[in-house]
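Subject: Handover of a structure and the findings on it

Dear colleague,

Please find below the structure that I am handing over to you. I would ask you to keep it open while you read the notes that follow it.

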Amino acid sequence: MPRFLTDEVTKMIGAIGEPYTWPEPLDRSGIRRFVQATWEQKRAHTDEEWAHNSQYGALSAPPAAVIRPPFGFWDRGMLGEAAIPPVHIPGTTRGVNGGNEAEWFRPLREGDTITQQSRVADIFEREGRSGPFAAVVAETVFTNQEGQLVAVSRQVTIHLP
């Protein structure tokens, strides 16, 4: 018998958050700062002339740059669950990160403007070592200014009593 999954909670599966377009295109400075923070020293990210003459056609950011929260993202009141609509699970009082994964489909290049939109992909409950818990799976799709798929990320948030 489900402990946390009320009809109201399960109806949230498939709910879609508002799209969010990054307030500014990715620029050389943003790529440089991300490269310095991650020590990702590939020529596609650091050598402008090489990158412009490569298959990328411009500097590209390391893949993980697409899943970092852009400037201004939190100002819109969005939640850490990848901007999905709020999911309240009765009987739970706290949440922890249950894992993240991402798939990349094309490089994030200098000049790209990214739009991201999230949805509640799944909600389920399990019995863990410390007792029962509920999990919310959020999926975020990232597209560029041409509507091309750049990446998809998934985040699991564990809700504990």
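A residue is called buried when its relative accessible area is under 20%, exposed when that area is over 50%, and partly exposed in between. R28 has a relative accessibility of 45%, so R28 counts as partly exposed. Please bear in mind throughout that this is a predicted model.

The chain as a whole

The chain has 161 residues, of which 38% count as buried. Its C-alpha atoms fill a box of roughly 60 × 30 × 25 Å along the principal axes. The accessible surface comes to about 9400 Å², and carbon and sulfur atoms hold 51% of that surface.

Four helices and seven strands make up the secondary structure. Along the sequence, their pattern is α-β-α-α-α-β-β-β-β-β-β. Among the contacts with a separation of 6 or more, 71% are between residues 24 or more positions apart.

Helix α2 and what covers it

Which residues of helix α2 are buried? In this helix, which spans residues 28-38, they are G30, I31, F34 and V35. Seen down the axis of α2, these buried residues fall within an arc of 135 degrees, and therefore they line one face of the helix.

Just after α2 comes W39, which takes a positive phi of about 60 degrees.

S60 belongs to strand β2. Is S60 buried or exposed? With a relative accessibility of 2%, S60 counts as buried, because the cut-off for buried is under 20%. Leaving aside residues up to four places away in sequence, S60 touches I31, A44, H45, P107, L108 and R109. One of these, I31, is also among the buried residues of α2.

The sheet

Five strands form an open sheet in the order β1-β5-β6-β7-β3, with antiparallel pairing. At the edges stand β1 (20-21) and β3 (94-104); each has a single partner strand, so one side of each is left without a neighbour in the sheet.

Within this sheet, strand β5 (residues 115-128) and strand β6 (residues 131-143) pair in the antiparallel sense over 13 bridges.

Salt bridges

The side chains of R28 and E110 meet in a salt bridge at 3.9 Å, N to O. This pair links distant parts of the chain, since R28 is in helix α2 and E110 is in the loop between β4 and β5, 82 residues apart. E110 has a relative accessible area of 23% and is partly exposed.

The side chains of R154 and E103 form a salt bridge at 3.0 Å, N to O. This pair also links distant parts of the chain: R154 is in strand β7 (residues 149-160) and E103 is in strand β3, 51 residues apart. At 36% relative accessibility, E103 counts as partly exposed. Salt bridges that share partners join E101, E103, R119, E139 and R154 into one network.

In a further salt bridge, the side chains of E40 and K42 meet at 3.6 Å, N to O. E40 counts as partly exposed at 23% relative accessibility, whereas K42 counts as exposed at 53%.

F105, V141 and L149 make a nonpolar surface patch of about 220 Å². F105 is placed in the loop between β3 and β4 (108-109). With a relative accessible area of 43%, F105 is partly exposed, because that value lies between the 20% and 50% cut-offs.

With kind regards

Note on methods:
Residues are numbered from 1 along each chain as its sequence is written. This is a predicted model: local features need pLDDT of at least 70, side-chain atom pairs count only at pLDDT 80 or more; totals for chains, interfaces and linings use all residues. Side-chain values use heavy atoms; hydrogens and water are left out. Buried means under 20% relative accessible area, exposed over 50%, partly exposed in between (1.4 Å probe, protein chains only). Helices (H or I, at least four residues) and strands (E, at least two) are DSSP runs, numbered from the N terminus. The arc is that of the directions from the helix axis to the C-beta atoms. Contact means heavy atoms within 4.5 Å. Two strands pair if DSSP finds at least two bridges between them. Patches are made of residues with over 30% relative accessible area and no salt bridge: like charges are joined within 9 Å, nonpolar side chains (Val, Leu, Ile, Met, Phe, Trp, Tyr) within 5 Å. Accessible areas come from the Shrake-Rupley method with a 1.4 Å probe; for residues, only the protein chains shown count as cover. A salt bridge is a side-chain nitrogen of Lys or Arg within 4 Å of a carboxyl oxygen of Asp or Glu.
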